Amino acid sequence: MTGTEQLKSAIEHYCRRTGAAAPDPRAALIDMDGTLYDSMPHHAEAWHIMMAEAGIDIPAEEFFLHEGRTGADTINLIMRRAFNRDATPEEIERLYHRKTQLFAAMPPVSPMPGAAEMLRVFEKRGMERVLVTGSAQSTLISRLDTDYPGAFAVNRRITARDVKHGKPAPEPFLAAMRFAGVTPQQSIVVENAPLGVTAGAASGAFTIAVNTGPVPPEALLDAGADILFTSMTECAEALPQLLELCHNN
Ligand code: CA
């Protein structure tokens, strides 16, 4: 259970960090993998297998720390480390395609427990909801309408294809704010990964981190999270009061 004091100090953290007044939430900018879907273990495994096939041995756990990056950025980072050079466009295409294939062949992933409730809280307050994902993986994006019907209008989805600089750059969240016609101070980011939190915090939005995976909590706090929840269910339970406190501040 998250107490009132903890929620108040999260708002103060936001004001101190940004120099802005208390958040005036009108839009929620919501990550997909590890936030709406319990998909990260499968992604990490698919990356691990694909790279092993390409002759590069990287433990699956490492990919939890790259989470949020676009596929191209992750491949370039690994190629630079292994071979001291960027990947060619052909390599990026081929390797990311293979990773996508491996992911799609795995058992279906489940919606994250608590995520539907979280989306409903934002809806009840009349807030815009925008999907902000570094993924270009159509397997999951196409399931959104089934698992979260009506949650994200087609013109409220930012994917890897819509931005030049993916997370940890703030660009995806800034693009989402433009889509929704809101300012950073009117935005709440919901993220599970350190790089996503870095991007959210840099965009000037109030940034919620939900630790749904094996990442140490400090990694999310150090990335700039204004508040940290240990599950999406806990987040959904605390949200109404958090939004109320923002409203009355
Ligand atoms: Ca994520």
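## Cysteines

In this predicted model, Cys15 is partly exposed, with a relative accessible area of 23%. The closest cysteine sulfur to that of Cys15 belongs to Cys246 and lies 8.7 Å away, which is too far for a bond, given that a disulfide requires a pair of cysteine sulfur atoms within 2.5 Å. Cys235 is likewise in no disulfide, since the nearest cysteine sulfur, again that of Cys246, is 12 Å away; with a relative accessibility of 0%, Cys235 counts as buried. A search of the whole structure finds zero disulfides.

## Calcium site

The calcium ion has protein donors from Asp31 (OD), Asp31 (OD), Asp33 (O), Glu67 (OE) and Asn192 (OD1), which lie 2.2 to 3.2 Å from the ion. Along the chain these donors follow the spacing D-x1-D-x33-E-x124-N.

## Salt bridges around Asp31

Asp31, named above as a calcium donor, also forms a salt bridge with Lys167, with the closest N and O atoms 3.1 Å apart. Lys167 lies in the loop between strand 3 (157-158) and helix 9 (171-180), and Asp31 in the loop between strand 1 (27-30) and helix 2 (40-53), so the pair ties together parts that are 136 residues apart in sequence. Both Lys167 and Asp31 are buried, and together with Glu191 they are linked in a network of salt bridges.

## Other salt bridges

A search of the whole structure finds 15 salt bridges, among them one in which the side chains of Asp226 and Arg17 meet at 2.9 Å, N to O. Because Asp226 lies in the loop between helix 11 (217-222) and strand 6 (227-229) while Arg17 belongs to helix 1 (residues 4-18), this pair ties together parts that are 209 residues apart in sequence. Asp226 is buried, with a relative accessible area of 6%, whereas Arg17 is partly exposed at 29%.

Another salt bridge joins the side chains of Asp86 and Arg80, at 2.4 Å from N to O. Here Asp86 is partly exposed, with a relative accessible area of 42%, and Arg80 is partly exposed, also with a value of 42%.

How values were computed: Residues numbered from 1 in each chain as written. Predicted model: local features only at pLDDT ≥ 70, side-chain atom pairs only at ≥ 80, totals over all residues. Heavy atoms only, no water. Donors = N, O, S within 2.8 Å, 3.2 Å for Na, K, Ca; no water. Buried < 20%, exposed > 50% of the residue type's maximum accessible area, 1.4 Å probe, protein only. Salt bridge = Lys/Arg side-chain N within 4 Å of Asp/Glu carboxyl O. Helix = DSSP H or I, 4+ residues; strand = E, 2+ residues; numbered from the N terminus.
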